[in-house]
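This briefing covers strand pairing, aromatic pairs and charges over rings. The sequence and structure come first.

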Amino acid sequence: MKQIALIGECMIELNGKPFGEMHQTFGGDSLNSAVYLSRATGEDVQVRYVTAMGNDPLSEGIVQRWQDEGINTEMVLRDGVRQPGLYLIQLDENGERTFLYWRNQSAARYMMQHPQFGQVAEQLEQMDMVYLSGISLAILPEQDRFELLKLLKSLAEKGVTIAFDSNFRPALWPQNEEWETVRKTYSELLSFCDIALLTFDDEQDIWGDKSTDSALARLADSGVSKVVLKLGAEGCLFRDFSQAENLTISTTPVEKVVDTTSAGDSFNAGFLSGYMQALSPEECCARGNQLAGVVIQHKGAIVPNAATETITKTF
């Protein structure tokens, strides 16, 4: 059985109107991907999550729900002092979202400093793939971020596939000139990354790319082996830099978009469900498009299993 470990943060999610109707659940970009990946692969891939949570009742309840989704939680560290972060999602009439966060003292932010993280690092050497996002990096203190990059590079040198979603959140990064810290961090990771799952809008914001061609030309020199460039309703581009041509994979437009919160996260899960089973790039991208198309028709980061069951069973 193939094994993938996804690194990141899960927070308590409040979804609704301030001082109005509010729904409580949980979410976080890499955790969302872990849930959808577990649903899409079933017993074919063991999905593990790497983070730190508290010992409080909310942490207990959230971790239990991950286990209910089939996620292995052996690498979830427990912090006796800190708890999960919290975020509020507000949606406009088109399903686009804005966020408010309370996460500066979250357990996940300090996972690298946990006394047992060294044991987690050793376990990661046994994985077939390790996945993380720009948020996984952004929440960490600067020295911890540096140490995580060193660990990931070491894993890559030992044959572990590294997958990365840039998922750029400006509020989490230093506001220095031309996003210097973000660019330096992402450039280091891409230099040994196997597969980058990138959103073109983010690439424009960070690097100022004028077109998908200019983005791919820059990425060709980054060191990354393969790139998926997500284009929203237009589908995506796939490029293996050992090959000469780009692949363009279109998607079926969704008539009524309810909530785009996990669009990219669920796409990544669909794509990786195929990638870890050695499917073609076209099939992997089609899975990503199909799963994301279902998820954005429902509210919340993690939609009910019944909503995705029909599509994931076809995988």
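Asn 15 stands opposite Ile 89 in E6. Strand E2 (residues 11-16) and strand E6 (residues 86-91) run parallel and are joined by 4 bridges. The model is predicted: local features need pLDDT of at least 70, side-chain atom pairs count only at pLDDT 80 or more, and totals for chains, interfaces and linings use all residues. Residues are numbered from 1 along each chain as its sequence is written, and side-chain values use heavy atoms, with hydrogens and water left out.

**Sheet and helix**

- An open sheet is formed by 4 strands in the order E3-E2-E6-E7, with mixed pairing; two strands pair if DSSP finds at least two bridges between them.
- Strand E3 (22-27) and strand E7 (97-102) are the edge strands, each pairing on one side only.
- From one strand to the next, the twist averages 25 degrees.
- Helix H2 (residues 57-68) lies across E2 and E3 and runs at about 65 degrees to E3.
- Contact means heavy atoms within 4.5 Å; axes are lines fitted to C-alpha atoms, for helices over the stretch in contact, and angles run from 0 to 180 degrees between N-to-C directions.
- Helices (H or I, at least four residues) and strands (E, at least two) are DSSP runs, numbered from the N terminus.

**Aromatic pairs**

- The whole structure holds 10 aromatic pairs; rings of Phe, Tyr and Trp (its six-membered ring) pair if their centres lie within 6.5 Å, and planes under 30 degrees apart count as stacked, over 60 as edge-to-face and the rest as tilted.
- Phe 99 and Tyr 101 are stacked, at 5.6 Å centre to centre and with 15 degrees between the planes.
- Phe 99 has a relative accessible area of 25% and is partly exposed, and Tyr 101, at 31%, also counts as partly exposed; buried means under 20%, exposed over 50%, and partly exposed in between (1.4 Å probe, protein chains only).
- The rings of Phe 271 and Tyr 275 have centres 5.8 Å apart and planes at 25 degrees, so this pair is stacked.
- Both residues, Phe 271 and Tyr 275, lie in helix H9 (residues 263-275), 4 residues apart, about one turn of the helix.
- Phe 271 is buried at 0% relative accessibility, whereas Tyr 275 is partly exposed at 23%.
- Phe 238, Phe 267, Phe 271 and Tyr 275 are linked into a cluster by ring pairs.

**Charges over rings**

- The charged end of Arg 82 sits over the ring of Tyr 110, 4.1 Å from its centre; the criterion is NZ of Lys or CZ of Arg within 6 Å of the ring centre and within 35 degrees of the ring normal.
- Arg 103 lies over the face of Tyr 101, 4.5 Å from the ring centre.
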